[in-house]
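These are my notebook entries on one structure. I wrote down what I looked up, in the order I looked it up.

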Amino acid sequence: MQATKFQVKLYTRAGGIELEKLVPVFHEWIRNKKISDELLIDVADYAHVPQGPGVVLIGHQSDYYLDVADDRPGLLYSRKRGFDGDFQAGIDDAFQRALRACELLEAESSLDLEFATDEVLFRVQDRLNAPNGDATYAAYKPALEQTSTAFFGAAPSLERVGTEREPFAVRIRTGASGSVADALAKH
Amino acid sequence: MTSWKEQLGDRIPEQLAGEVDLFEGQIELKKQRKLDDKIFAETRLRRGVYGQRYDNGLRDDGTGQKTLAFPCGDLTKGPDTVWDAPGMMRIKIPFGKLTAKQLEVLSELAEENSDSILHVTTRQDIQLHFIHIEEAPDMMRRLASVGITTREACGNSVRNVTACEYAGVCKTQAFDVTPYANAITKFLLGHPDVQDFGRKFKIAFSGCEDNPCGLVTFHDLGAVAHVRDGKRGFRVVVGGGLGAVPVQAKVLAEFCPEEELLPLAQAVSRVFARLGEKQSRARARIKFLVQKVGIDEFKKLVAEEREGLRPDERWTAFLDDLHATDEKPVRDPGAIPSDAPAGFRAWAEHNLKPQAQEGYYSAIVTLPLGDFTATQGRALADLARKYTGDSIRCTVEQNLTFRWLSGVDAVAFYDGLVALQMAAAGAGTITDMTSCPGTDTCKLGISASRGLTGELRKRLTLVEGELDPAVRALRMKASGCFNSCGQHHAADIGFTGVSRQVGGRKVPHFNIVLGGQWTENAKSYGLVVGAVPSKNIPKAVDLITQHYLTNREGEESFQAFIARVGKREFRKVLAPIQKPPPYEEDPSYYSDWGNPREYTIGDIGVGECAGEIVPFVEFGLQQAEQQLHDAQDALEAGQAGAAALGGFTAMVTAAKALVRHLEVQVKDDADDVVANFKTHLHDTTLFHDPFAKGKFAAYLLKMHGEQSYENANDEIAHRALDEAQLFLEAAHACYERLTQAAAAAAE
Ligand code: HEM
Ligand code: SF4
């Protein structure tokens, strides 16, 4: 299992979002090294693009999006580069980074954001190593179940989504209803 | 585990496969530090792998410049360009033509290697940002498998050949220029005669004279279709360009028969390669050569060159099948249903153009700031397959045009766009602005052209319905600096990023350029009326459009109005908003649109605009040209004091650039610059003209000593500007001598 380009999205509880407000927040994260074990580089603002990537905190190892795809705002964690560790640890790490970013965003008083934990979208942006098909799903399903349970407690239900033209994607109903902090504490 | 190389196999054309393998090999060598920085930079640029802002590993976070600690350490991909730093990939799309499949692959790359955004440029290319160099070879393979090459998208080479997006379907065209643009693209790509240019070379085609189409007048080489006595040919122009001092192309041939087009382009290329400037990049575009020798002499040189060319069957082979590039509609033609809904009608007003072919339309999908997402890209590919076939074109106004839409399907197509939230109306109107990347990603950006464009777009979209039709029809374009990549000279209202010093702080501004003509292939450029703080630009737009509406005579067009009232009047209109409030009163003026960091120009990097890296000195010399240009405007406006000061400032800027080129530390203030200039350039005689000796240097020293620019009258101002002009010429010449000497020493 070579793919490393994992993406994890958690959705906000309330629907609407003022994307412009994320721009100063992400700049401040860069300034104060809020994600201390990653190199944060710049902020890309795509608030003008409907259903787009929203506002992106560009990093070296990974990017953090306040993404509005499908008109469903959420924090999208996106790993871009290799991960030292095995497959399961790689998935765990992606979930953990996504959740930690959610926690940081929830703590921003200018934003008034809260993230739901009942649903997680997992994707792999690597059509060569992880095409969106049943074989990939079979390879990822146990690991995703394990990670989801580790963070959210309950037994999850998984569904592969999208067509083969799209990146490999799995929608996870975690069965949880708690907060982001709960999930991080549980792990 | 397979690789893209194995996976795609022979779907990658053999030659491209070889080129990408070679490039991958060079990446490997560079990683082992076995390749020289400059050579590697040139190689990567020629493959479309460009630098991006902060790739020197430094970035101002709003509190000062910080080092970006990339894990690659001191490994670089060019002089001062950090290996791991994100870069941009410019993907050449000849005349903007895309198939559905190509759009899908581009979308895949945007997701997997970029930030899921595809960006359409003002020269019909697609750019992806934040790319890691090591991912470039596989991206190129995937592009090659659908017939796209990034080769010569950057660098001192023939750039993307552009053409009107309506070529072949337009009502006013003389004929379809697509097969000609296609032939010239293929003929010149990798041609030995275009490998030795001192600078980039841009070619554009237009199907007619009157419409903007190809914007040929600001291209290095432009061809406008004409039929004479039943025979096809082109009016060919040469030596146009934008930049700090925009130039209209001159006529090279009133009528060049179709079979002579390729040889003519080849002859021009050879003359440019042979005689074009190579040392001073600031003067290396062909426009400077044409200016230097004069168009008549240039014509003679080209004619002689043409005589001596060895015949090449490719010159005319493509003429045997001029329909090879034709698009086939996938649906039967028909009329738009008479009961089409109101939303559709509002969109169709500007976004749907009837084609020459009865029952077919071209639909413009307006893209905010030229951006769309990978998901939208796939959905658009589906719409194309269903309704229009492989007929998509990227446009110079950063939109996508879908041709061959049957009237019968127009509403369904529109509904498809609505579902994608891509049905914004008003293509080509005031809300459909064009913008270069500016400070968002460009290393040379001075102001946030995208931030400004986003802001204006947002505000104007809200009031779109209430705008007077004459205002709504205006075009606005923004560039982040004088290089004019946003083509603002050809807009009714254009903006160029400049920075101004206010109370010891830098404030982002835009110079406002009014009355540029978009039609007739951008027949005339606008007038610079003055700089306004970025944050006051929305107000400026209000003031300008109000002034026009209130004072125009009858149905007077905006261009006619500007030409009649002149820039002086607009200076008065803008005067009240030209000065930002002090920082203590309103700090918002001291940061740019969409960027909360305190404004700085410290992030401006060394540009990689083409081929080799552009040294700071050339950036400085260009900036000086711009300042002189502004000073000349000021003089014309009767502001003698400002003009003389501007002339002096231009000299100081040029002097500073040269001093820094000698690696001497110099401060921003004039005293320090002049003192250092005297020590290192005047006293050493480095600045001395071979004939005039120290004469030009003396202009600066004298003006500085006497402070004669203060309270200057008209006569003094005139003299100051003449002297500044000569000083700048001498600065360019001095820089040339210095680089030649350095090159000789290196050998
Ligand atoms: C010294 C360096 C540069 C110079 C002098 C320069 C100049 C220009 C000019 C004059 C144009 C447009 C009009 C024409 O064809 O004459 C242009 C086009 C453009 N430039 Fe630059 N530019 C430079 C660097 C860059 C960089 C670093 C970027 C972005 C990262 C950039 C992005 C663009 C874009 C998007 C266009 C329009 C599309 C295209 O050529 O594909 N330019 N440039
Ligand atoms: S106009 Fe200036 S800021 Fe804009 S892309 Fe060109 S070089 Fe960069």
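I looked up S479(B) and found that its bridge partner is T496(B), in strand 22 of chain B. Strands here are DSSP runs of E with at least two residues, helices are runs of H or I with at least four, and both are numbered from the N terminus. Strand 21 and strand 22 of chain B pair in the parallel sense, over four bridges. Two strands count as paired if DSSP finds at least two bridges between them.

I noted the ground rules before going on. This is a predicted model, in which local features need pLDDT of at least 70, side-chain atom pairs count only at pLDDT 80 or more, and totals for chains, interfaces and linings use all residues. Residues are numbered from 1 along each chain as its sequence is written, chains are lettered from A and ligands numbered from 1 in the order in which they are written, and side-chain values use heavy atoms, with hydrogens and water left out.

Next I traced the whole sheet. It is open, has five strands in the order 20-21-22-23-24 (chain B), and its pairing is mixed. Its edge strands are strand 20 (434–435) and strand 24 (527–533) of chain B, each pairing on one side only.

I then checked what lies on this sheet. Helix 18 (residues 558–574) of chain B lies across strand 22, strand 23 (505–514) and strand 24 of chain B, at about 40 degrees to strand 24 of chain B. Helix 19 (residues 616–636) of chain B also packs on the sheet, touching strand 22, strand 23 and strand 24 of chain B, and its direction makes about 105 degrees with that of strand 24 of chain B. Contact means heavy atoms within 4.5 Å. Axes are lines fitted to C-alpha atoms, for helices over the stretch in contact, and the angles run from 0 to 180 degrees between N-to-C directions.

Which residues are around ligand 2? I found S479(B) among them, along with G480(B), C481(B), N483(B), S484(B) and C485(B). The list also includes C436(B), P437(B) and C442(B). A residue is near a molecule or strand if one of its heavy atoms lies within 4 Å of it. By class, this shell has six nonpolar, six polar and no charged residues. Ala, Val, Leu, Ile, Met, Phe, Trp, Tyr, Cys and Pro count as nonpolar, Asp, Glu, Lys and Arg as charged, and the others, Gly among them, as polar.

C485(B) lies in the loop between strand 21 (476–479) and strand 22 (493–502) of chain B.

Last, I looked at strand 12 (residues 221–228) of chain B. Four bridges join it to strand 11 (residues 203–206) of chain B, and the two run parallel. Eight bridges join strand 12 to strand 13 (residues 231–238) of chain B, and these run antiparallel. L221(B) stands opposite V238(B) in strand 13 of chain B.
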